[in-house]
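Keep the structure open while reading.

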Amino acid sequence: MTTTAKKSTSGRPGGATSTAAPTSTESRHRKSKVEGIYYLFLIPTLVVFSLTITLPAVIGIFFSLTNSIGFGEWEFIGLTNYRAMFSDPAILSSYLFTFGFSLVSVLLVNLIAFLLAVGLTSKIKLKTPLRALYVIPMVVSGIIIAYVFNFLFSNSLTRFGQATGIGWLQESLLANPDLAWTAVVIVTVWQAVPGTLLIYIAGILSIPGDVYEAADIDGASKIRQLLFITLPLVFGYVVINVILSFKNFLNAYDIIVGLTNGGPGTATRSIAMTIFTGFSGGDYAYQMANATLFFVIVVILSLLQLRISRGRGEV
């Protein structure tokens, strides 16, 4: 007797069925498809951003090409304001101070914060209370910190200098055109270290302990572990901190106002302070041109830093 195997619809014996796997093109199409409801949620954010950021920026750029004083009549004057800035010693001085101050502050903040993070993640007593203590400056308003340090620089330090006979401390640093910038750096670093410190602590704690145990077995000293294990493995955090702190310091305003108000003279006047002062002094269009130039410079620096970071595979 002969038997005949029953064919399935798939053409395979035994009635087995198979489902064709989706192609890579179909899979990508499925993944890239976005529900329309998500775009609906984006609309309020885009509207608010456009009305509060984009539209005022476009209006400001337009008025930088005029002679407007912020109200009343105005005339279109083209690039006159931009040409005038390059021969204005006050503008050039504010750019020189801001970038110099930012570079020094970035270096000090990251160096101090990194060393503190190494210490606060090591096997020491009371490291948890110490971490909380070091974070306190971050939660205090910059203007309040500035006024407190203003009193210290103007009164306490001068009395200490008179008592000890130290000549350069007998006069307030804030009144010295050559040293006032150091006081601004000191206060800025004091307030900025905690935020940078927290990021470094997170980076160091993310390093597996097995790495250090292997280094101990190989006989590597603590200094070599710091230089050849800790620092390379947290370099991505270094890049993040440098970018964030540099952007913040370029916009320095409140601490400078509370400490020196841009003085003595214009020795510590930052770009942001120059712009805001001009807005209330009848130089609206001129300082709007300054703000536009500053915006372009910051965008270029951001793109360069982002390109360097991506080139190293850090972000």
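R269 is partly exposed, because its relative accessible area is 24%. Partly exposed lies between buried (under 20% relative accessible area) and exposed (over 50%), with a 1.4 Å probe and protein chains only. This is a predicted model: local features need pLDDT of at least 70, side-chain atom pairs count only at pLDDT 80 or more, and totals for chains, interfaces and linings use all residues. Residues are numbered from 1 along each chain as its sequence is written, and side-chain values use heavy atoms, with hydrogens and water left out.

**Around R269**

R269 sits in the loop between α11 (254-259) and α12 (271-280). Helices here are DSSP runs (H or I, at least four residues), strands are E runs of at least two, and both are numbered from the N terminus. Setting aside neighbours within four places in sequence, R269 touches S94, F97, G262, T274 and T277. Contact means heavy atoms within 4.5 Å. I91 is 178 residues from R269 in sequence, yet the C-alpha to C-alpha distance is 9.4 Å.

**The whole protein**

The protein has 13 helices and zero strands. Of its 315 residues, 32% count as buried. Take the contacts between residues at least 6 apart in sequence: 66% join residues at least 24 apart.

| Pair | Axis distance | Angle |
|---|---|---|
| α4 (residues 89-120) and α7 (residues 180-205) | within 6 Å | roughly 40° |
| α8 (residues 209-217) and α9 (residues 222-233) | 11 Å | about 135° |

Axes are lines fitted to C-alpha atoms, for helices over the stretch in contact, and angles run from 0 to 180 degrees between N-to-C directions. α4 and α7 are therefore oblique to each other. Angles under 35 degrees count as roughly parallel, over 145 as roughly antiparallel, 65 to 115 as roughly perpendicular, and the rest as oblique. The α4 and α7 crossing is right-handed, meaning that the near helix is turned clockwise from the far one by less than a right angle. Their contact holds 22 nonpolar, four polar and no charged residues. Ala, Val, Leu, Ile, Met, Phe, Trp, Tyr, Cys and Pro count as nonpolar, Asp, Glu, Lys and Arg as charged, and the others, Gly among them, as polar.

The crossing of α8 and α9 is right-handed. On α8, the contact uses V211, Y212, A215 and D216; on α9, K222, Q225, I229 and T230. By class, this contact has four nonpolar, two polar and two charged residues.
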